[in-house]
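Hello,

Here is the structure for you to look over. My notes follow below it.

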Amino acid sequence: MRAAVITGPGAIPTCREFPEPEADQHRQVRSLVGAGLHQVVRSLAAGRHYGSHGVYPAGIGVDAVAQDADGGLVYTGWPAAPWGTVAERLATPLGLPLPADVDPLAVAAGLNPGMAGWVPLAARADELAAASSTLGTVVVLGATGAAGRMALQSAAALGASHVVAVGRDAARLEQLDGPDVTTVRLTDPESDAQAIAAALEGHAPSILLDFVWGPVAEAAFTALGRTGLAEDEADLTYVQIGSLAGATAALPSTLLRSRRIRVIGSGAGSISTEQLVATLPQLMALIADGTVSVSYRAFGLAEVDRAWQYEGPERVVIVP
């Protein structure tokens, strides 16, 4: 079969013949409808991701929309190495039926980056609802990236009263302006901390989604700091999701001691597959009705090398 294949870390994938995927008691063979070239796909291919398996040649892709043997369309993923999902056929362990009125390529392009923010936001919203509270203020670091923009839409859908969108791209930040959105443009760590603090107006958010880490996270830690010995009235969950700005960040001990704050990570391995899958139908429904929008550009499988190097604003999705 034809598949997008890499020959080593950092190689550009090309379309070539690759062995057929192997079905077993846990995986069934499906036919590709569309698969996204997500940031995680690029990190895995480059060998930078903790999930990189180091086996080459290898297929690329972690998820897809595919067609079952009965003709039904499903969202699926989790292929066994060295196979990927950017291939004519894939063998995968699960299949979530798509809503009848959804664009399947929008799901293929958007569900993976969308779930990065959706999963922790939905969990936090449920937690607060159980305590008779609401999502309140949400901060998104890296709000101008695809996952960050979708997180803003997800936060609004889950009832956030205010969103602080933090990013570096001035033009994209302008597109995020709205009555319940405060934008902060990143320039340098010292002024970034002051700008984030000013946007919060002295109130801690209920959840902060960090898609960038590094110096930006350190600026956020400074902005979230407080003084005094009074009991902290905040209840903040800080969620580390991506590290585009740096792999490490210095977390002040005083922040941990002076605030009611939890610093957690969200990514493959941090929650069970069952928990993850349970959250996805609602996100697919939001994509179907346009609440969470996905702009994408489709490339054919034979064009995967060109698609890999595409730098436009849309999400890239590969079709057979």
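In H6, the buried residues are Gly-214, Val-216, Ala-217, Ala-219, Ala-220, Phe-221, Ala-223 and Leu-224. Bear in mind that this is a predicted model. Helix H6 spans residues 214–224 and is mostly covered, with eight of its 11 residues buried. What do the buried residues of H6 pack against? Their partners are strand S9 (137–141), H5, strand S12 (207–210), strand S13 (236–240) and helix H7 (253–258).

Next, a charged residue in H5. Asp-192 sits in that helix, which covers residues 189–200. Asp-192 is buried but makes no salt bridge. The nearest side chain of opposite charge belongs to Arg-168, 5.1 Å away. A salt bridge needs a side-chain nitrogen of Lys or Arg within 4 Å of a carboxyl oxygen of Asp or Glu. Asp-192 does touch Arg-185, Leu-186, Thr-187 and Ala-219, leaving aside neighbours within four places in sequence. Ala-219 is also one of the buried residues of H6.

Nine residues from domain 1 and eight residues from domain 2 take part in the contact. About 550 Å² is buried between domain 1 and domain 2, and carbon and sulfur atoms give 62% of that.

Last, the nonpolar core. In soluble globular proteins, nonpolar side chains tend to be buried together. The largest nonpolar core here has 29 residues. Tyr-75, Val-107, Leu-111, Met-115 and Ile-287 have the most contacts inside it. Helix H2 (104–130), helix H8 (273–288) and strand S16 (315–319) each supply at least two residues of this core. H2 gives the most, with 10 residues. Why does this core lie between domain 1 and domain 2? Because both domains give residues to it.

Tyr-75 deserves a line of its own. Not counting residues up to four places away in sequence, Tyr-75 touches Asp-63, Ala-64, Leu-94, Gly-95, Leu-96, Leu-98, Val-107, Leu-111, Met-115, Leu-280 and Met-284. Among these, Val-107, Leu-111 and Met-115 are also listed with the most contacts inside the core.

Best wishes

Note on methods: Residues are numbered from 1 along each chain as its sequence is written. This is a predicted model: local features need pLDDT of at least 70, side-chain atom pairs count only at pLDDT 80 or more; totals for chains, interfaces and linings use all residues. Side-chain values use heavy atoms; hydrogens and water are left out. A nonpolar core is a set of buried Ala, Val, Leu, Ile, Met, Phe, Trp, Tyr and Cys residues joined through side-chain atoms within 4.5 Å. Buried means under 20% relative accessible area, exposed over 50%, partly exposed in between (1.4 Å probe, protein chains only). Helices (H or I, at least four residues) and strands (E, at least two) are DSSP runs, numbered from the N terminus. Domain bounds come from an automatic or database domain assignment. Contact means heavy atoms within 4.5 Å. Lys and Arg count as positive and Asp and Glu as negative; His and the chain ends are not counted. Buried area is the accessible area (1.4 Å probe) that two parts lose on being put together, summed over both.
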